[in-house]
Amino acid sequence: MVNGIERPLDLLNNSKGKEILVHLRNDRQLVGTLLAFDIHVNIVLDNAKEVSDGEVKRSIGLTFLRGDTIVFISPASTIASEKKE
Amino acid sequence: MVNGIERPLDLLNNSKGKEILVHLRNDRQLVGTLLAFDIHVNIVLDNAKEVSDGEVKRSIGLTFLRGDTIVFISPASTIASEKKE
Amino acid sequence: MVNGIERPLDLLNNSKGKEILVHLRNDRQLVGTLLAFDIHVNIVLDNAKEVSDGEVKRSIGLTFLRGDTIVFISPASTIASEKKE
Amino acid sequence: MVNGIERPLDLLNNSKGKEILVHLRNDRQLVGTLLAFDIHVNIVLDNAKEVSDGEVKRSIGLTFLRGDTIVFISPASTIASEKKE
Amino acid sequence: MVNGIERPLDLLNNSKGKEILVHLRNDRQLVGTLLAFDIHVNIVLDNAKEVSDGEVKRSIGLTFLRGDTIVFISPASTIASEKKE
Amino acid sequence: MVNGIERPLDLLNNSKGKEILVHLRNDRQLVGTLLAFDIHVNIVLDNAKEVSDGEVKRSIGLTFLRGDTIVFISPASTIASEKKE
Amino acid sequence: MVNGIERPLDLLNNSKGKEILVHLRNDRQLVGTLLAFDIHVNIVLDNAKEVSDGEVKRSIGLTFLRGDTIVFISPASTIASEKKE
């Protein structure tokens, strides 16, 4: 699963076109399909939704997220497949 | 809908002249027509309005917004069309 | 009204000598006549007044404002002319 | 009064040797005579006093102030002469 | 144990492929296997889990963590082996 | 007293080997003898003590202080000599 | 004791291999042996322990600390030898 990750941004590159979870500084969480990112970790999500405790709170569609408000980013697939062992 | 977005700022470029929603760090939200932006994500909105829970709180007209207070930006059209599926 | 705004700072350039509203990070608001600005969005206001809910709280005269405490800036004329439509 | 202010720092240059009011991020206010400043808006005040509601809280003499804690700076003379019109 | 640490990032280099504890600014703690890092201390963890008081709160799988939200990082092995002496 | 202060850092240069008061962002105050400083206003104090309301709370000896946590710095001699006039 | 400190980082250089106290922004305090540091004041501590009111709260072993979370750093020896005079 982790092949080809030599630098941190490689994970984002591998996640293009896939669903990711983004955890923000204000403890909000967004899920959406990663369309683009840059070295500042600014990202664009398609079909973004704000989620809380696994529930969708609102849909915000296509979204530009400033990198400096991001705490962590995880591919949605790896979260699902590792639910508390 | 997402054609042509290779870098994050492409979404802003595609949104020029269109209505966007801007979510700020202090959890205020503004809607307005995107007139201009730069690489710091400083933006100018025309006909800007502060909104809360879908209600207009006040109109602030033509507005310069500093990029470092912005959390995310969404084209208003994509929010409307994706209301909780 | 919005002619000639290609980059965000164009709005500030158009507003020189005119009254603007400045919203700060601590949610204070100042109005005053824009005399000067730079690329850091440091600005100088003449005849600056701190306002709250449309009331003048105190006059602070000629004022230098650091750009990194600013959230947004609006020409006072556009606020007046767009009061909730 | 505002002659010769083309760039924001011109106001500070005009205020050298004069009394200024400095409003800090933590909402403290200092008054003192401006001796020196640099492009980071670091400043040195002589005969600095912390004030609150027009009262002197304590004297702190000669003081070096880091620019990134400053919100705004006003020449004391312009505050006095513009007291709520 | 501490051989070969001349610069701070040497500790991260020595920890590649090993489990580390990451303490974030919001006082959350994550454990996971360090896959990659860069000079901004952005890191990628595999099999990341959020922990609190030694309990796993949730699994978040493969994760990209922005460096500027990190307070400290410890190899998990050194924590275990030094439990209050 | 203020001879030779053309740039803000001149005050720190004049204070080497003398006692200074350092006010930090978290409203803690330290006094100590200034041994060294750099352009980031990182400083080293000897015989540093944390003080509160004129009382010594604890001694912390030789101390390196990061510049970005500092609000203001005053030579102790000027504070004493200007006690509320 | 203070020989050879011309620049702030000289104090850290003199403290290599010795026990230091690190005070963080969130008011946590760590003690440990300084192994390495860089110009960003990122540091590596060996045998690090979180302390509070002189008590060890937990051991965290070998630790990488990001410089921008640090308020001040003191050699442990100078704290002990200067206990309120």
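**Entry 1**

I began by superposing chain E on chain G, which took a turn of 51° and a shift of 0.0 Å along the axis, with an RMSD of 0.0 Å. I note here that the model is a predicted one. I then laid chain A on chain E, and for this pair the rotation is 51°, the shift along the axis 0.0 Å and the RMSD 0.0 Å. I also looked up whether the contact residues of chain A come back in chain E, and 3% of them recur, the copies using different surfaces.

**Entry 1. Chain A against chain E**

I asked how many residues each chain brings to this contact. Chain A brings 30 residues and chain E brings 29 residues.

Next I looked for charged pairs. I found 2 salt bridges between chain A and chain E. One of the salt bridges I looked up joins the side chains of A:D27 and E:R28, at 3.1 Å from N to O.

Which elements of chain A give two or more residues to the side that touches chain E? I wrote down α1 (8-14), β1 (19-24), β5 (70-75) and α2 (76-80) of chain A. Of these, β5(A) gives the most, with 6 residues. I sorted the residues on this side of chain A by class and got 15 nonpolar, 6 polar and 9 charged.

I followed β5(A) across to the other chain. β5(A) is joined by 2 bridges to strand β4 (residues 55-65) of chain E, and the two strands run antiparallel. In this pairing I found A:I73 opposite E:F64 of β4(E).

**Entry 2. Chain E against chain G**

I repeated the search for the next pair. Here 30 residues of chain E touch 29 residues of chain G. The buried area is about 2300 Å², with carbon and sulfur atoms giving 58%.

How many salt bridges link chain E and chain G? I count 2 salt bridges. The one I looked up is formed by the side chains of E:R25 and G:D68, at 3.5 Å from N to O. The polar contacts between chain E and chain G come to 11 residue pairs, both residues at pLDDT 80 or more.

On the side of chain E that touches chain G, at least two residues come from each of α1 (8-14), β1 (19-24), β5 (70-75) and α2 (76-80) of chain E. I noted that β5(E) gives the most, with 6 residues. By class I have 15 nonpolar, 6 polar and 9 charged residues on this side of chain E.

I checked the strands again. β5(E) pairs with strand β4 (residues 55-65) of chain G over 2 bridges, in the antiparallel sense. E:I73 stands opposite G:F64 of β4(G).

I went back to the superposition of chain E and chain G. Why do I write that these copies meet through different surfaces? Only 3% of the interface residues of chain E are also interface residues in chain G, so the copies meet through different surfaces.

Technical notes: Residues are numbered from 1 along each chain as its sequence is written. Chains are lettered from A and ligands numbered from 1 in the order in which they are written. This is a predicted model: local features need pLDDT of at least 70, side-chain atom pairs count only at pLDDT 80 or more; totals for chains, interfaces and linings use all residues. Side-chain values use heavy atoms; hydrogens and water are left out. Contact means heavy atoms within 4.5 Å. A salt bridge is a side-chain nitrogen of Lys or Arg within 4 Å of a carboxyl oxygen of Asp or Glu. Helices (H or I, at least four residues) and strands (E, at least two) are DSSP runs, numbered from the N terminus. Ala, Val, Leu, Ile, Met, Phe, Trp, Tyr, Cys and Pro count as nonpolar, Asp, Glu, Lys and Arg as charged, and the others, Gly among them, as polar. Two strands pair if DSSP finds at least two bridges between them. Copies are superposed by least squares on the C-alpha atoms of residues with pLDDT of at least 70 in both. Buried area is the accessible area (1.4 Å probe) that two parts lose on being put together, summed over both. A polar contact is a pair of N or O atoms within 3.5 Å; within protein, one must be able to donate a hydrogen and the other to accept it, and residues adjacent in sequence count only if both atoms are side-chain atoms.
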